[in-house]
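Please open the structure in a viewer and keep the selection tool at hand.

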Amino acid sequence: MPELSNTKCREPGLTLPVVESGVLIRYTRAVRGRVMAGDAGNRNYMDIKRRVESFIRNYYSPDEFLQRNIRLKEEHTYRVAEESVRLAEHEGYDDHRKALVSIIALLHDIARFPQMALYRTFMDRETRDHGDWGCDIILAEGILDDLPREDRTRILTAVRLHNKFTLPDGLDDETLLYCRVIRDADKIDIFHVVSSMNVTEQGVSDEPPVPADGDYNPQLVRNLLGNINADYRQVHSRTDLYLLQLSWIYSLNFLYTARVISERGYLEGLMAKLPEDSVLNEVREHIRTFLGDPVSRIR
Ligand SMILES: [Fe+2]
């Protein structure tokens, strides 16, 4: 039996799933008193993973478009969790940090499921900011209720900020670390997805990737050549979308991420979608050079 009813969510424009209080009570009892380290941290992680899996499955739909996009985000969620742990291991983080980065990854896109079910799009600007919305869901579901307050706050902050254009000043060092890990792990997998599938802001399509055309926003190109992260408001064509995605390399936080993206050929896959054009070729070369020597620019 699914723990939450989402029958109202099968159609767009209707209400969110109703939280059943019994679910919250059972979960709270199950994790009460555990600390986030070692085996206990692992148990906590498994509990939260089960909750997330159950939450997501409630959004499975007979509607082909919805199902394809729910599955896209579900698989993305689990891959980002794997990428987060790999990054954390590479950085030599302890068990407690590894548990937290895993939980943040599992929860970072939790709002994507109701967003797609209700609105049939992943466009935040036409629906809701999915980082903020995710925090509301986590709190309503009580998923973190029995974790230490400090951990809870850090997880919620990282989920809320994972999709923001920049991070605000004033975050403590530990919170900043979690924000940086999820932003990089998320980007690794987004690069994987956009370089290999036909993805728009509305969702993923089974169609082969549509080649970009020569229509692009010159401001975006100037930003790319100036190592500036682009903004969704500058996107007016498919080429612009690819250029925006390429610009994400300028906001990477770890050298590890730049190396992974480069070694797996994600950027080459994305750049291959751009049309042949002398200006865009300049962009390609610029990005290759940047990734070849990102040390001075990435912490
Ligand atoms: Fe996200």
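**The whole chain**

This is a predicted model: local features need pLDDT of at least 70, side-chain atom pairs count only at pLDDT 80 or more, and totals for chains, interfaces and linings use all residues. Residues are numbered from 1 along each chain as its sequence is written.

Display the protein chain as a cartoon; it contains 13 helices and two strands. Helices (H or I, at least four residues) and strands (E, at least two) are DSSP runs, numbered from the N terminus. Of the 299 residues in the chain, 39% are buried. A residue is buried if 20 or more other C-beta atoms lie within 10 Å of its own, exposed if 12 or fewer, and partly exposed in between, with C-beta atoms placed from the backbone. Two residues are in contact if their C-beta atoms, placed from the backbone, lie within 7 Å. Among contacts in the chain with a separation of 6 or more, 67% join residues 24 or more positions apart.

**Helix 3 with helix 4**

Select helix 3 (residues 64–90) together with helix 4 (residues 95–107). Their axes come within 8 Å and cross at roughly 155 degrees. Axes here are lines fitted to C-alpha atoms, for helices over the stretch in contact, and angles run from 0 to 180 degrees between N-to-C directions. This angle makes helix 3 roughly antiparallel to helix 4. Angles under 35 degrees count as roughly parallel, over 145 as roughly antiparallel, 65 to 115 as roughly perpendicular and the rest as oblique.

Now show the side chains of Thr-77, Val-80, Ala-81, Ser-84, Val-85 and Ala-88 in helix 3, which meet Arg-97, Lys-98, Val-101, Ser-102, Ala-105 and Leu-106 in helix 4. The residues of this contact comprise seven nonpolar, three polar and two charged. Ala, Val, Leu, Ile, Met, Phe, Trp, Tyr, Cys and Pro count as nonpolar, Asp, Glu, Lys and Arg as charged, and the others, Gly among them, as polar.

**Helix 3 with helix 5**

On the helix 3 side, Leu-66, Asn-69, Ile-70 and Lys-73 meet Arg-112, Phe-113, Met-116 and Ala-117 in helix 5. Five nonpolar, one polar and two charged residues make up this contact.

**Helix 9 with helix 13**

Next, select helix 9 (218–225) and helix 13 (278–292). Their axes cross at roughly 25 degrees and come within 10 Å, and the two helices are therefore roughly parallel. Val-221, Leu-224 and Leu-225 in helix 9 meet Val-279, Glu-282, Val-283 and His-286 in helix 13. This contact has five nonpolar residues, one polar and one charged.

**Helix 10 and its cover**

Select helix 10 (residues 238–247): how many of its residues are buried? Ten of its ten residues are, including Arg-238, Asp-240 and Tyr-242. Helix 8 (173–196), helix 9, helix 12 (266–271) and helix 13 are among the elements that cover them.

**Asp-215**

Finally, select Asp-215, in the loop between strand 2 (203–205) and helix 9. Is Asp-215 buried or exposed? Asp-215 is exposed, because 11 other C-beta atoms lie within 10 Å. Leaving aside neighbours within four places in sequence, Asp-215 is in contact with Ser-237 and Thr-239. Asp-215 and Thr-239 are 24 residues apart in sequence, and 6.7 Å separates them in space, C-alpha to C-alpha.
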